[in-house]
Amino acid sequence: MNNLINIADQFKPQGKVVDIQEFGHGNINNTFLVTLDCLQEKHFILQRINTQVFRQPKLVMQNISIFTLHVRDKLKALSSPNRRWEVPRVLLTQTNAQNHFIDADGSFWRAISFIEAAESFDTIKDSNHAREVGYALGMFHNLISDLPTEKLADTLPGFHITPRYLQQYVETRNLAVETRLIASVQSVEVKYCLQFVSDRSSWANVLENAQAQRHLRLRSIHGDPKINNVMIDTTTGHAISIIDLDTVKPGLVHYDIGDCLRSSCNPLGEETEEREMVRFDTDICQSVLQGYLSVARDFLTISDYEYMYDAIRLIAFELGLRFFTDYLAGNVYFKIKYPEHNLNRAMVQFKLTESIESQETAIRAIIQEM
């Protein structure tokens, strides 16, 4: 705890650190809520960046700075901001005004302002909440739709490029076969996952092919707009921010749309143990898309709509593939609570993908209607 207080002291705006608690359910970074004995700014977020995942953390911070400056200017230019929208601020160190601090162990730390009077959820509560989650992503895309992609560094090369994940999976699976790991864990779940991936391998290029054929184009994206990154005002119930900006980078908006719908339309959430009950809720899908298009309609093309169903299906499959690959690799990427955790997570996403596939006609009809 003393070490954490010393690190928090590097960033604190004013006052004294009175408490530090682990915060949130992130699978990558270590996140803490710092409480200060101060009236103006009582809390801030302290994070240790996982440099095994983000190998160039200074570029991550550079992207966040570029993004926040762009969005702040855009919000000022809005003639009548009719509702609250907040952008997390990066806090600088007190001694040399740096946007990060490297401790004696070489760990990379940063601090970000805390959004007060707001909360996030792991599952959708009702149709209003679903619309607000969609609105949040639409607002985010709208605010950065004119942020040139060349201004942003690609901090995670290969992120959301499904064919690359497939290639990593094949290499990991082959190694697991060679070392007889797969032979020793040939459970029903592992067999199901191996077959599931095999059946869909040829289709995994769908969005990358569309980009290569210029049906889709690169834009600035969030990269990880899952439901629990959307902050909801505790009084009004309105979406007021999307947090976790580490993955802001050039990409296809379809990755964001697919990820938002994947996480929103699974009422049981991605950590459920009831895999056979997992389903994609088309009513929630409709509400999320209504909210999204209420602010994002202007910059979408006909081609963007045409690939929307593929995005929903692909991102659920992709996340399942990543969880399964990590399980076969020995759980080296995602944090786990038990040895089969990533296998269970993979099963949840694959069951969700199956549900999406079984409702393709209904989902395409919703998109068409929009």
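Modeller: What follows is a walk through the side chains, beginning with the charged ones. This is a predicted model, in which local features need pLDDT of at least 70 and side-chain atom pairs count only at pLDDT 80 or more, while totals for chains, interfaces and linings use all residues. Residues are numbered from 1 along each chain as its sequence is written, and side-chain values use heavy atoms, with hydrogens and water left out.

Let's start with salt bridges. A salt bridge here is a side-chain nitrogen of Lys or Arg within 4 Å of a carboxyl oxygen of Asp or Glu, and the count comes to 20. One of them joins Asp-154 to Lys-249, with the closest N and O atoms 3.2 Å apart. This pair links distant parts of the chain: Asp-154 is in the loop between α3 (127–144) and α4 (162–178), and Lys-249 is in strand β11 (residues 249–251), 95 residues apart. The names come from DSSP runs numbered from the N terminus: helices are H or I with at least four residues, strands are E with at least two. How open are the two partners? Buried means under 20% relative accessible area, exposed over 50%, and partly exposed in between, using a 1.4 Å probe and protein chains only. Asp-154 has 36%, so this residue is partly exposed, while Lys-249 counts as buried because its value is 5%.

Another salt bridge connects Arg-345 with Glu-271, where the closest N and O atoms are 3.0 Å apart. Here too, distant parts of the chain are linked: Arg-345 belongs to helix α12 (residues 341–358) and Glu-271 to the loop between α8 and α9 (282–296), 74 residues apart. Arg-345 is buried, because its relative accessibility is 3%; Glu-271, at 37%, is partly exposed. Helix α12 also holds both Glu-354 and Lys-351, 3 residues apart, about one turn of the helix. These two form a salt bridge with 3.9 Å between the closest N and O atoms.

Now for the rings. Rings of Phe, Tyr and Trp (its six-membered ring) pair if their centres lie within 6.5 Å; planes under 30 degrees apart count as stacked, over 60 as edge-to-face and the rest as tilted. The whole structure has 12 aromatic pairs. Among them is the tilted pair of Tyr-192 and Phe-196, 5.7 Å centre to centre with 35° between the planes. Both residues are in helix α6 (residues 188–200), and because they are 4 residues apart, about one helical turn separates them.

Finally, the cysteines. A disulfide is a pair of cysteine sulfur atoms within 2.5 Å, and the structure holds 0 of them. Cys-265 is in no disulfide, and the nearest cysteine sulfur, that of Cys-285, is 4.8 Å away.
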